[in-house]
Amino acid sequence: MAASTAISSSAGGVRPLKLAEVERIEILGSESIVCGFHLVDYIWTDIFTNLSPASTYVLITDTNLAKLYLDKYQDAFQVAWAHSRPGKPAPRLLVHVLSPGETSKSRATKSAIEDWMLAEKCTRDTMVLALGGGVIGDLVGYVASTFMRGVPFIQIPTSLLAMSDSSIGGKTGVDTPAGKNLIGTFWQPKRIFMDMSVLSTLPAREFSNGMAEVVKTAAIWSPEEFDVLEASADEVRAAVLEGQRRQAEDTGMTLASRSPAQKMLLRVIAASARVKAYVVSHDERESGMRGLLNFGHTIGHAIEAILSPQVLHGECVAIGCVLEAEVSRRMGHIGEVGVARLSRCLRAYGLPTTINDPIIRKLVGDRRLAEVRPRRLMDIMGLDKKNVGAQKRIVILKKLGQTLEMKPTDVADSLIEEVISAGVLVKPVAESTDDARLQSVVVIPPGSKSISNRALQLAALGVGECRIKNLLHSDDTQVMLAALQAMDGCSFSWEDDGDTLVVVGGGGRLSVPDHELFLGNAGTAARFLTTTVNLIDAADGETTVLTGNARMKQRPTGPLVDALRINGCSIEYCEREGSLPLRITHSEGKGFPGGRIQLAASVSSQYVSSILLCAPYAQEPVHLELVGGKVISQPYIDMTIAMMAQFGCQVQRLSENEYLIPRCVYTNPAEYVVESDASSATYPLAFAAITGTECTVPNIGSASLQGDARFAVDVLRPMGCLVDQTATSTTVRGPARGALRALGDIDMEPMTDAFLTAAALAAVAPTDNDGVTRIRGIANQHVKECDRIAAMCDELAKFGVKTENHADGIDVYGKPIVELVSATPSVHCYDDHRVAMSFSILACVAPGGAEIRERRCVGKTWPQWWDVLGRDLGAPIAGADPDAANGSAAETAAAAQTGASCEKSIVVIGMRGVGKTSLGRVAAQGLGLEFIDLDEHLEKDAGKTIPEIVNGSGWAAFRQHESRILAQVLTQTHPTGALVVCGGGVVEEEANRDVLKQYMASGATVVCLKPNMQHVAAYLNRDKTRPAYAITSDINDVYARRLPLYAECCNYEYLVDKALLSMTDEDEHPGAWAVIERDFVRLLRFATGADLNRVDIEHPSFFVSLTAPDVREYLPNKLGQLTAGAHAIELRADLLLHAADFVDADFSDQGTEDAFVHYVHRQLTMLRHFSRLPVVFTVRTIPQGGAFPADANSLRLRLLHSAVQWGAEYVDVEVDNAAAAVYAARRNSLVIASYHDTTGKKLRWGAAECEFANEILARARSCGDIAKLISVANSWEDNLDCMRFVQHNHSVSAPLIALNMGYAGQLSRVLCPCLTPVTHPILTAAAAPGQISVAQINQARALAGLMPPKKYFLFGTPISQSPSPAMHNAGFVALGLLSTYALKQTAAVDDQIAATIRANDFGGASVTIPHKQAIIPLLDSLTPAAQRIGAVNTIIPIETADGQRTLLGDNTDYLGIVDCLRQTRVDFDQGVAVPDFASSSALVIGAGGTSRAALYALYTLGIRTVVVFNRTFSRAEDLVGEFGSLFDSLTAVPELEDAAKAQPSYIIGTIPGSDLLIPESLFAAQPMGVALDMAYKPRWTPLLEAAQKRRWKIVHGVQVLIAQGIHQFEKWTHLTAPVAEMSNAVFTKYNKEF
Ligand SMILES: NC(=O)c1ccc[n+]([C@@H]2O[C@H](COP(=O)([O-])OP(=O)(O)OC[C@H]3O[C@@H](n4cnc5c(N)ncnc54)[C@H](O)[C@@H]3O)[C@@H](O)[C@H]2O)c1
Ligand SMILES: [Zn+2]
């Protein structure tokens, strides 16, 4: 290693050279890696003087770097040449600038560079320089390696990743559609210049990205280096920031000018580079050792494969490192301390450490995240080119800085899968033999947190060396260590790979730290240190500052500070009174005065402990008096005093609340073993109890100060275990399996956290006390991490165990083990570690075991619990993926129901009279939520009506009461699982608004219902049950006043306006309310993520752009026609501007702006009411080819944000500086980030000219879920370039819409892979030039050979009169599909059918009587509905990912019935509304195949009481047997008259050609109902005729036939069916023939 001295010489008027002092690193035998700061002059000088001369120097870089550094390089080139070869003509310096980003790393770019170099006449004596990150380095290296069979090459890495990794080792390459880096060479650079000063311009995220590799390298290679990295995160970051401030100067160029932070930065990067260089030198072609550098990459790459490009390589590797370290830990190598340090260190450098990290969540959203399934990761890992065969290999850490082998280790799939899974499957432990039963397993749970914190402080203040073992590593200990060290209070070092902390105490001598003490959010550390800092002995006036993060600055510390101030300490609050940051001013020789101190101890016992711990070092003995009410948590005070005694200081308790602490110095014991956490210890002990084995926890006994230490004696012993407890250890032996005894009444107040463990055991304790265990004294457990009592009740129920939930406890009714539910229940843990660990114990004996859904939640106290359970205790465990999509329908439905109960409750606000209660009730039912009316709640609570309260005590009292109830409902009684409707005035109170805002911030949905004020006023004039408004103003004024308040407190808005469904101003649409209800449920399902209604973009998809100024132009009928074939509707808010009211409107006027926003909301709402398709909400400005004024930016933004609040599925945003804000606020909407080049000159697609397109694409992706780039075609060929650009950049996970406008660009619309904007012939104007229709695109695709026509069939007999061919063929024609549908009449399901459905051009088939069941064996799979119904009427071919085809059987009969019956509730023509489903009963006539579909349809609609009639009674009874479980009541009746008793409102006939006599009594009880007959010949069946007489609603068989056919059509074609054309075709034929 040599450092050249800085020299400055000058020659012939040229500026002097500035040569940096550098450090060199050896690689492959020469010192060709050069590190330093500000290297530019050095680089050229080195090249000109030490390397072979070249005639041409080619510098290749990207636009980001060119902007920053190109001038410097060009200038230095001339200067350095003038100095090194004075007078000689300079060689050529050619520069090529590429667009930044991974897309440049392509063959196309490589050829483009080569063509350019050839055109520039570069020859073999060219030298190529790569200035940039890994992309430039890899690409340019590849160019150099093949240009003229290889020319010399220089790397100037500028990103941290490139410096630490990619520039070293000689790997070059480009990406191809088949994968990254698959094509490339090994080509070693002549030099690698690492100029650390350029890191100052690197974006922060890229810096973290590179740090992942640096941390990784230290983790496999060097414990010392890891220590340095861990300790210097702040410094390293500071060096970068410092660089930013002082970029212009040459700081750091010479050693003398290098700051300590810069030295640290250089040190850590050079160390990392040195390791890579060493490994490469010893294993250049990657055969063994080089594999070590892949630590974190096996799993990291698999994650990257799913989440790139949004998530960066280093971010994926960081997560991979932690997971692979966990694999190592699971195998028994690295300890938990190591894993925790690794993950903490990565986080310190801004990296994510789990898949669910908020960093990742923010980058990709929940939907993409849901794609990261363990199975998929395993599959991807299986394909890794670094595997040997199928065997997966992972670098296993023995400890931090050391690997198990000098190469990756073979690891079993099951182990990897277990670690990467979200859930864990625990299987029952085999019953052991008596011998094994007596062998004690020893388990040491993690150290107690409270004891760890105290031990650290005591040892630091003590004298002598102390080895602390079993210390818990938490934020508190970490922060405390750093702070004590900063005060020079003591010295620390780690032994045994971090298992032992060696403290050399400083005897209480502390000095002023050279920086503020930053304590993060570590509460205990903050409290303890507040007193400690006063012990610092320093010159008068010197100060120390204690500070923390934002959350910490809210937490109270006032009483402690007050007490210390009164005692004479000088402490001031720097910001908020009563909280950190604190500034302590020292005065020489005074420190902490001591003497009499009064302290209020009713808030936190930590204040008391803080003073106690430091008291021996005060100037005077401390006489501490606790005042101000009941002292909280006395046991913790006792713990502090007992531990002080262990370190040699005796505290005297003078009276209940008075203590005397003499002056003394702590004497450190040589070793201090931190007692394990007693709550954690209950789990291994319970394991022994439940499995009948023996377990010892060797460091908790009767002398323990922790309450939960009594668990063994007070709970396990009475349950029948043998308990052997000494002062310091506990051994438990369980009774024979199944022989645990119930406890009867037990008070667990002293050990509340252990109640979950006890409840899990009680579940299988059937003997004694009638098998009942009644746990009391645990009221606080209702409000811990979750409502633990409710959680235990809900989850134990899954095992068939009965419980009762009480205000201060739980009753558990024990069962014999064999009677537990034996299907593997899936346990929800509510993210609560104790729930998870308790149920893992029960799973160890439950038949079939159990699946614990959130395995990671144990990390809070015992991250390695699963290792202990699986490895030490011997329970069989495996990974489980609770959310995998392939669960059965029943399971999913069950999950949806229980799932709802753990989601945040929904809140509905809005003016009184708008319909909150009635809509709320319906929605609660639809979503399976509990309905809560806040007003009712309040009345119940007060025992008075609201008018009584208001009249009696006034409005203010009422509002106060309301606030209390609101907070109670949302935070305590119903934080989840409910729909809460609030009173209209709830927003008037600031306290309430705060509650609602906080609730939204926690991720909840609050919907505001917006009224049509006329309707509200009319309603209020009728309603006398509520008091009048407080202020005697007009309701409109009240509304106007509240409007902004409502807006503040909601994140969704729903417009309730029946007028929107009327086509004329007068008549009111009778079905309007049903539509409003339906769409409200739809909005809530969207808001809560239950149904995001997104377009499936795996198939070609379209959205139709509406152009009229008012959507009413298309209502009610044209909209259906317009949207045929399309998947979404685009609402162009800018085109609405032309509406008469808004022409020339002045949008600077608030009133006009509000009116327009409201108008747009009405438009969107109408679209919702008339179409189920998702909406693309767009506000296109004039520069982008739209109609919206470019300067009305605030209105445009307001509309876009509103669209998110209105639940628009897609929001189209222009790529400008406003886009990021909409993207950040998009909630469940997807953002389409659009760019339009209306000139066609800038946005070019060709490989050689697409720099701008690449740049815009990258920008669009940074602010959108979907990128949309629109240019104009100058020539027809532009379409081919566009297609290639799309092929290169589009994927389902990172979708890209790219198009050319204009006539010449039409082909680009044909080739667009997804979400193509289309027009329709009946629209008067197209939204953009060149826009064509779905039919035109389909036809062009079919003719061009892109979409081969398919053949469809109807199988059955007799079918000659079927209208199906007419219907489907009409549909094909209307959408421009060239497919055909034909009859295939066969008597049996024969070989001919078998061959037909396997033919290549088979598109699908309908199946009718009599083949609906016989066809099933020919198919590959069935949908859950077809399976439940037991019949198939639709065959759908599915293309699998590997190009195979499988046949899926489905049933659309039931969907047809569902649609028709739902439609009767909203139909336009008839007067009285039909009864709602949930409270109605139904009758099904017939018991054949169709009646099965009818029953399933009724079930789907929510009807719960059904009777079945069939002539052959036994067949009806069979049906009851099969479908009974779907209903509350399903009965068969022998006579049709008997059905009248059930008072059916819905009657479905399923018997073709029936001559049944329909008794009038069936209709007698209900004024309105619906009769539906599946038979369509004749049109009027006896059932329908009878119903018609009673003026019931009628559904004809042919209507169901059409409805089910529409579903078939859509399932086959993935296009929205042209309903009008298809039903016209049916009726034309039908009307002729019947
Ligand atoms: N050859 C190897 O052994 C190897 C190893 C690891 C990774 N790689 C490759 O490296 C590539 C990733 O490298 P990367 O992370 O450096 O990405 P990159 O080259 O895309 O750089 C990241 C971004 O930072 C910008 N940038 C770089 N330095 C900057 C600076 N000093 N100031 C301002 N902006 C700066 C770039 O313009 C770019 O936008 C991938 O293609 C990967 O396959 C190769
Ligand atoms: Zn890497």
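Student: Let's start in β22. What is the bridge partner of valine 545 there?
Tutor: Valine 545 has arginine 583 as its bridge partner in β22. Keep in mind that this is a predicted model, where local features need pLDDT of at least 70, side-chain atom pairs count only at pLDDT 80 or more, and totals for chains, interfaces and linings use all residues. Residues are numbered from 1 along each chain as its sequence is written, chains are lettered from A and ligands numbered from 1 in the order in which they are written, and side-chain values use heavy atoms, leaving out hydrogens and water.

Student: How many bridges join β20 to β22, and which way do they run?
Tutor: Strand β20 (residues 543–547) and strand β22 (residues 582–585) run antiparallel, joined by four bridges. Strands here are DSSP runs of E, at least two residues, and helices are runs of H or I, at least four, numbered from the N terminus. Two strands pair if DSSP finds at least two bridges between them.

Student: What's the strand order in that open sheet?
Tutor: The four strands go β19-β20-β22-β21, and the pairing is mixed. At the edges are β19 (517–518) and β21 (570–573), each pairing on one side only.

Student: Which helix lies across β21 and β22?
Tutor: That's α20 (residues 558–566), running at about 145° to β21. Axes are lines fitted to C-alpha atoms, for helices over the stretch in contact, with angles from 0 to 180 degrees between N-to-C directions.

Student: New topic: at what angle do α1 and α2 cross?
Tutor: Helix α1 (residues 40–50) and helix α2 (residues 63–84) cross at roughly 45°, and their axes come within 8 Å. That makes α1 oblique to α2; angles under 35 degrees count as roughly parallel, over 145 as roughly antiparallel, 65 to 115 as roughly perpendicular and the rest as oblique.

Student: Which residues meet there?
Tutor: On the α1 side they include Val40, Ile43, Trp44 and Phe48, and α2 brings residues including Tyr73, Phe77 and Trp81. Contact means heavy atoms within 4.5 Å.

Student: Now β51 and β52. In which sense do they pair?
Tutor: Strand β51 (residues 1351–1356) and strand β52 (residues 1380–1385) pair in the parallel sense, over six bridges. Lysine 1351 stands opposite threonine 1380 in β52.

Student: One last pair: how do α50 and α51 cross?
Tutor: Helix α50 (residues 1489–1501) and helix α51 (residues 1513–1523) cross at roughly 40°, with axes that come within 11 Å. That makes α50 oblique to α51. Ser1491, Arg1492 and Leu1495 of α50 make the contact with Leu1519, Glu1522 and Phe1523 of α51.
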